[in-house]
Amino acid sequence: MVVWNLQDLMREKDIDQHVAKLTQLTSSFAEFEKKLFNKNNCVEVPSDTLRRIFALSEEISKVSSRLAGFAELSYTEKTNDAKRLARLRDLSKKLVSLEHQRLFFSEWIRRIPESYAKKIAKQIEPYTYVFEKSVEHRKHLRSPAEEKIMSLKDTTGVDVLERVYNIVTNKYVFGKKQLAQEELLTLVRSSKEHDRKQAYEDLLLRYKEDNDVLFEIYAGVVMNWHNEELTVRGYDAPIAPRNEGNDVEHEIVENLLSVIENNAALFQEYFSFKANLLGMKNTRYNLYAPYRLNEPSYTFPEAKKTVLEVFKNFSPVFASHAKSVFDKQHVHSPPMKGKKSGAFCYSVTNDTTPYVLVNFAGKLNDVFTLGHELGHAVHGILGQKNTQFTFHSSLPLAETASIFSELLLTDHLLKTASKRVRTFLLVQELDKIYASVMRQAFFVMFEKEAHELIAKGATADEINARYAANLRRQFGKQMIIPDHFSYEWSYIPHIFESPFYCYAYAFGNLLVLSLYHDFTQDKKAFVPRYQKILEAGGSATPATILARAGYDISTKSFWQNGFDEARKIFDELKTLTK
């Protein structure tokens, strides 16, 4: 087991020094306000001045990110340490305050003439893309006074609705054991059919009790989104703001969702097969029924060796970058009292090796988690040639390297594993593809319908019925879907808090399957193309980044390749279990 060294970010005793540096840099940045405005009129500054502004902003971002990164990573080690929590809150407050002093630059970008923006953009590399994105987004911005009103309105409007949703649902306890929701949801993957059925009934019937209240909260969220994004900001569809935020064209998202819906039959067939394989009924209760296995155990050194071997077989460059995360002591692996649960990779700046946190317990799944997070780390390192603003990938591409690494690990283990372990791996992979692609996309299809219906005055019963119809399209006639699953939508927090967010999961996971399909056709030719995608970070739109590597994600055939790869996995499972 290993723990990380945060001194590559800073030492605790140097925090005040870094805050002082950030304050000084912010004061220097504030001096540019006089160059950008003359008596409240925008000044069309020369390209070298604009480039200096962006360069100073980038330096500020690096110092700010180091401070935030140190405070957050330190806190995740010991979330029960009041001193670390107080430091995190204090630094967050200071960083927000300093950020407010730079808002004049955003206002200048909002007001500059279109002709000047187009002319100057190509002259300020490497900041052209960031500048162009800001200019493009401004058409949906309103005056500072209007923006302030909408911001203030949210604090007593939609923000309150979301808090009320969390207050109401976080109080729920379920079943005779009075379980919290997180505890209850672990039971839907229980090996015991009775436990799975009981868990779903306890969950959904509790949400049914408050269906009228939860619907009113959701209707309020939807109408706020409609009023602000469509009526005030002028977007032409409810999903359009999310597409813009993800930097993905509307046509691409619609093609993605269309291909996913057209391939629903693949998973309808899979779940029928899985029910037969496990000797149980094909009901919605058994969707996540596990394939029983006495899992092999791993020590942390064994897991590390396995993952690095997988990366090396794919590309020595990838293995070298993954190894550097260990060499730099940027991994925190042991479960500890007070440590944040789960796992993550944190790429702090474009000149710092990413940090990886896992809670390694020696299970097979922990090996996959390590591979997943190291995939993120490699992605972060390869993107470091870009600016601080663009070395992180956009949300739709954020899971590319992590999920690809999991597929590589699965293939590696399949070569030497026993029949039962191979069956387990293939079932696990298909279950993950369903959960991350099909399920997430059908949530968004429901949201598109719900936003349209609620804007026309739909009732709770109509929304529940529409969700039930969504489930029938998803699972077909083969699966038994009990009536109370029509309330399932109301326990999905993203639907309330981040409308249309879920398609990014489907985008990222199906993208990787499509890329993996290409990898299996010509491994040697694929590696440099794939590396080019990761090296781009977030320096262009996802479509542009993929096009430069030779992939056209605007076509349905690209996305269909992902389902062809999923079909191969399913066929392999059927052959293995004959």
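Apart from its neighbours within four places in sequence, W559 is in contact (heavy atoms within 4.5 Å) with I252, L256, V259, F507, L510, L511, S514 and I553. The model is predicted, so local features need pLDDT of at least 70 and side-chain atom pairs count only at pLDDT 80 or more, whereas totals for chains, interfaces and linings use all residues. Residues are numbered from 1 along each chain as its sequence is written, and side-chain values use heavy atoms, with hydrogens and water left out.

W559 and I260 touch the most other members of the largest nonpolar core, which has 136 residues. Such a core is a set of buried Ala, Val, Leu, Ile, Met, Phe, Trp, Tyr and Cys residues joined through side-chain atoms within 4.5 Å; buried means under 20% relative accessible area with a 1.4 Å probe, protein chains only. Helix α20 supplies the largest share of this core, 19 residues. A second, separate core of 46 residues includes F54, L88, I109 and I124.

Helices are DSSP runs of H or I with at least four residues, and strands are runs of E with at least two, numbered from the N terminus. In helix α14, the buried residues are I252, V253, N255, L256, L257, V259 and I260. Among the elements covering them are α13 (240-246), α15 (264-278), α20 (419-455) and α26 (556-576).

Strands β3, β5 and β4 form, in that order, an open sheet with mixed pairing; two strands pair if DSSP finds at least two bridges between them. β3 (331-332) and β4 (344-346) each have a single partner strand, so one side of each lacks a neighbour in the sheet. β4 and β5 (residues 355-357) run antiparallel and are joined by three bridges.

Methods: Buried means under 20% relative accessible area, exposed over 50%, partly exposed in between (1.4 Å probe, protein chains only).
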